[in-house]
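Thanks for coming. I'll walk through one model today, element by element, with the sequence and structure on the screen.

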Amino acid sequence: MKRKLIFLIPFLFFTIVAAAQQVSLQVNVSTAKGEPAAGATLQLYTLTDSVLLTAQVASLKGTALFRVSPFTVYLLKVSAVGYEAIETSISVKDLPIQLPILLVKKSASLSGVEVISRKQLLKQEDDKTIIDATVLANSSSNAYEVLEKTPGAVIDQDGNVYLSSTSPATIFINGREMKLSSADIASLLKSLPAGSVSKIEILRNPSAKYDAASSGGIVNIVLKKGVKLGTSGSVNAAVFQGVYNTATLGFNLNKSTGRVNSYFSYQYTKRNNYEALTSNRLIKTDSSLLAQNSYTSYPSVNNYFGGGLDVALTKKFDLAYDIRLTNTSSNSNASNSNAIYQEPAMDVLNNSRSGVTNKTDALFIGNTITAKYKIDSAGSEWTAELDYNYYKNNNTQAYNNNFILPASPVVNGSGENKNGKNIYVAQTDLILKLPSTITLETGVKLTASNSNNSADYFYSTGNGPAKPDLYQTNTFRYKETVSAAYVQVAKMFFGFTLKPGLRLETTDINGRQLIPKDTVFSIKRTDLFPYVFLRHNLFKMFGRNLVGNAIYRRSIKRPYYEILNPYPKYIDQYLFDVGNPKLQPQFTTNYEVNVTFMDFPVFAVGINQTNDIFSNVTYQDDVTKIAYRTYDNLGKNKETYMRVIAGMPPGGKYFFYMGAQYNYNEYNGIYQNKPLNYKRGSWLFFMYQELKATKTITLNVQGFMRTKAVQNFYELDNFGGLYFSINKAVLNKKGNVILSVNDLLQTNHTNFTLNQGNVHASGSRVNDTRRLGLTFRYNLGLSKPKKEGNTFGAPVDSKDN
C-alpha cells in the first residue's frame with residue numbers, strides 16, 4: 001500500500017504541470033426549413049457571472065466555432081432578424097461539442113407560446129448517474145417508493161439499497177450522509193412526500209471528494225428547493241388504495257424578490273401498510289420444526305415541513321439556509337402464531353400465540369447553512385457548509401405470549417426505548433480553474449455523531465407482579481468522529497482526461513454500555529483512500545462519440561451505532577436483534593470500465609474486492625429455540641458485475657430504455673468455526689417506456705425483475721414489480737391528473753431460504769405493494785420552461801432546482 005501511495009505523489013504532480021488544452025464548441029444554426037442561418041449573431045457568456053466572453057456572426061454555412069475551457073458552464077444567446085431569440089446553457093466537459101440551434105420565426109400576433117420541457121431521465125456525469133424523479137413520483141406516495149423505482153437499484157425489505165455490490169449503498173439526503181440504521185432511514189424516507197424529491201444521484205464509484213465510507217456506493221436523494229423566478233407554487237392531493245389506504249395532501253410556495261429567494265412546503269400523509277411473514281425453521285439437534293406465521297399492520301401519520309432562504313449578498317457571494325422537519329407518529333400491530341413439530345411424524349410439541357404492539361414517535365430536523373463565493377468567471381469557487389441534524393425516536397412496546405400446548409401462564413412484557421442522535425458536520429471545499437486548463441479540487445470535513453439509547457423493560461407471569469427485565473433493559477452511549485481531507489485534480493492531455501485524487505480519513509469511535517454492565521469499546525484508525533478516473537473517446541456512432549471511462553477506488557464501511565449496540569431488541573418470543581460491539585470496518589477495492597453515449601450510460605464491467613466483510617447472520621439456541629440476528633466479520637468476497645443499458649432517445653411519441661445487470665459473487669469465510677464458501681450469480685432487469693398518446697395524455701410503464709440471488713446469506717427467489725401510470729394535463733395544462741397502479745402483477749414479494757451453520761429456514765415476506773393511485777397536482781405561476789432537447793428524458797410538469 002505504501003509503495004502505491006509513493007507512486008501516486010509524482011503522478012499527481014505530473015498532472016498539474018501537464019500541457020494545456022482547450023475544447024472546441026461548434027454551433028450550427030439553421031431555420032425550420034433546414035437552411036443555414038447565415039448572419040445570425042451568437043454571444044457567449046460565462047454563466048456564473050454573466051460576463052460576455054466573445055461574439056461571432058454565423059458563417060454562410062450557419063456555423064460558429066468557439067474555443068472554451070473544459071469543466072465550465074456557459075450561456076449562449078442566438079439572435080437573427082425575423083426570428084425568436086434563443087438562450088441556452090452549455091455544460092462543457094472535456095470533449096468537443098457540436099450544438100444544433102433551430103431558429104423559429106416570430107409571430108405577428110403572439111398571444112402565448114407553449115414549449116414542452118423535457119428533463120433527461122437518466123444521464124451520466126463523470127462518476128455519477130442522475131435520475132430525474134418527476135416521473136417516478138407520479139406513481140409513488142413517498143420518497144421511499146420513488147427510490148424503489150430507481151433504475152438499477154434494489155431495495156430489500158429491511159430498507160437496504162444495493163447498486164453493484166453485495167454491500168448496501170450509503171444513503172445521503174441533499175449531499176449529507178444519514179447516519180441512521182436502514183430501518184430508520186426507510187422510516188424517514190417514507191415520511192418524505194414523493195413530490196419533494198427533485199432527483200436521485202447514484203454514485204457507484206464516488207471520487208475522493210466524497211466520503212470513503214461508501215463501499216456499496218452512494219445514493220444521494222436531492223430534495224426540491226425554491227424557484228428563482230417570481231412567485232410560484234403548487235398544491236397536490238393523492239390517494240393510494242391497496243389492502244389499506246394511504247392519503248396525502250400538501251403545497252409549496254416559492255418567492256423571488258431581487259436578491260432574495262425563499263420557499264416553504266408542507267405535506268400531510270396518513271398511510272397504512274402490512275407485512276405477512278411465514279417462516280419454517282428446522283432445529284436439527286432434536287429434529288423439530290418451528291413454524292411461524294406473522295401478520296403486522298403499520299398505520300402512521302406524518303407531517304413534513306421544508307423551507308429555505310437564499311440571499312445574494314453580492315454578485316459573487318451567496319448565503320443560504322435550509323431546514324427540513326418530519327414528525328411521524330406510527331404504530332405496528334403484530335399477531336404471531338407459533339408451533340413446534342416433531343419431525344418426521346409432525347407431532348405438535350408446542351403451540352403458542354403472541355401479540356406485539358409498538359407505538360413510535362419520531363422527529364427529524366435537518367438544518368444547513370451554505371456560503372458560496374464565486375472567485376472568477378472560469379468557474380473557480382469556494383463553498384462552506386455547516387450542518388446539524390437531530391433525530392429522536394421514542395418507542396413504547398407491549399407484548400404477550402399465550403402458551404396453549406403445553407398450557408402455561410401468560411407472559412406479558414412491556415418496555416420503553418428512547419433513542420436520540422445529534423449529527424454535526426462542518427465542511428469547506430475549493431475549486432480552482434488553474435492555467436493550462438487544470439481543475440484543482442480540495443477540501444476538509446469534520447463529522448461528529450453522538451447517540452444515546454436507553455431501554456427499560458418489565459415482564460410478568462400470570463397474575464404475578466411486574467419485574468424488571470434485566471435481559472433487555474439497557475443504557476448505551478456512542479460517539480463517532482470522522483475527520484477528512486482530500487485533493488484531486490483534472491487534466492486533459494493527448495486526448496485523455498485524467499482525474500486522480502487522494503482522501504485521508506481519521507476514524508474515532510467510542511461506545512459504552514452502562515446497563516446491564518459497564519463495557520467499553522473503541523475504534524481508532526487513520527486510512528488513505530486513492531482514486532483514479534481516466535477518460536478517452538473510443539469511436540463515433542451516429543456522428544457522436546462513444547466515451548470510455550476507467551475507475552480505480554478504495555473505500556471503507558464502518559459499523560454504525562445500531563449494529564454495535566449489544567442490547568437485545570425483542571421481535572417475537574423466538575427472535576431477537578442483537579448488536580456486536582466487536583465488529584471491525586470492512587475495506588473494498590473497486591475496478592470499473594464503462595462506456596457512455598451522449599451522457600447516457602451504455603455499458604459497464606467491474607470488480608469489487610472486499611476484505612473483513614461484515615454480514616447479517618443468524619445464530620440459534622437449540623435448547624430455547626430462540627434465534628439471534630446480529631452482524632459478524634466473516635471473510636472476504638470477490639464480486640464481478642456487468643451492466644448494459646440501451647434505449648431510444650425521445651423526440652417522437654414514444655421512447656424507452658431498458659437495462660440488465662449481472663453479478664457473480666465468490667465468498668470465502670469462516671462461520672461458526674467452519675468454512676463458509678459459495679459462488680452465486682444473479683440478474684437484474686429494468687425498463688422504462690413512455691408514449692405520448694395525445695397532446696395532453698402520457699402513458700408510462702416501468703418495471704424490474706431480479707432472478708435468484710444471495711443476500712446476507714438468504715437465498716431469494718425471483719421477484720420484481722411492474723408499474724403503470726396515465727398522466728392527463730387539465731385546466732389549460734396547469735394541472736395534472738395521474739392514475740397509477742403499483743406492482744400491477746403483485747410480484748414484488750420474496751420467498752427465501754437460509755442455510756448457515758445450525759440454522760435452516762425457509763419462508764416468504766409479502767407487503768401491501770399492489771396499489772391503485774389517483775394524484776392531482778395544480779401548478780401556480782410556473783417559470784417559463786426550456787426548449788425540448790433530444791435526450792433520454794421525461795416530461796416536466798413541476799419546477800424544481
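Asp743 sits in the loop between strand 44 and strand 45. This is a predicted model, and in it the phi of Asp743 is near 50°, a positive value for a residue other than glycine. As background, most residues other than glycine have a negative phi, and most peptide bonds are trans. Is Asp743 buried or exposed? Asp743 is buried, with a relative accessible area of 0%.

Compare that with Lys733. Lys733 is not a glycine either, and has a positive phi of about 65°. Lys733 is placed in the loop between strand 43, residues 719–730, and strand 44, residues 735–742.

Now on to strand 45 and its partner. Strand 45, residues 750–756, pairs with strand 46 in the antiparallel sense, over seven bridges. Thr750 is the residue opposite Arg765 of strand 46. The two strands make a hairpin with two residues between them, and in the turn Gly757 has a positive phi of about 60°.

Which residue of strand 46 is the bridge partner of Ser279? That is Gly763. As for cover, strand 46 runs over residues 759–767, and seven of its nine residues are buried.

Next, two cis peptide bonds. One runs from Glu343 to Pro344, with omega near 0°. Pro344 is in the loop between strand 23, 317–342, and strand 24, 347–374. Another cis bond joins Leu405 and Pro406, with omega about -10°. Pro406 belongs to the loop between strand 25, 381–405, and strand 26, 408–434.

Six strands make it up, in the order 9-10-15-16-13-14, and the pairing is mixed. Its edge strands are strand 9, 122–125, and strand 14, 176–177, each pairing on one side only. Within the sheet, strand 13, residues 170–173, pairs with strand 16, residues 218–223, in the parallel sense over four bridges. Ile171 is opposite Val219 of strand 16.

Val219 comes back when we look at the packing. The largest nonpolar core has 48 residues, and Leu147, Leu189, Val219 and Ile221 touch the most other members. Apart from it there is another core, of 24 residues, including Ala40, Ala64, Phe66 and Leu99.

Where does Leu189 sit? In helix 4, where Leu189 is among the buried residues, along with Ser182, Asp184, Ile185, Ala186, Leu188 and Ser191. Helix 4 spans residues 182–191 and is mostly covered, with seven of its ten residues buried. What does Leu189 contact, leaving aside its neighbours within four places in sequence? The list is Asn142, Ala143, Tyr144, Leu147, Ile173 and Ile221.

Terms used. Residues are numbered from 1 along each chain as its sequence is written. This is a predicted model: local features need pLDDT of at least 70, side-chain atom pairs count only at pLDDT 80 or more; totals for chains, interfaces and linings use all residues. Side-chain values use heavy atoms; hydrogens and water are left out. Buried means under 20% relative accessible area, exposed over 50%, partly exposed in between (1.4 Å probe, protein chains only). Two strands pair if DSSP finds at least two bridges between them. A nonpolar core is a set of buried Ala, Val, Leu, Ile, Met, Phe, Trp, Tyr and Cys residues joined through side-chain atoms within 4.5 Å. Contact means heavy atoms within 4.5 Å.
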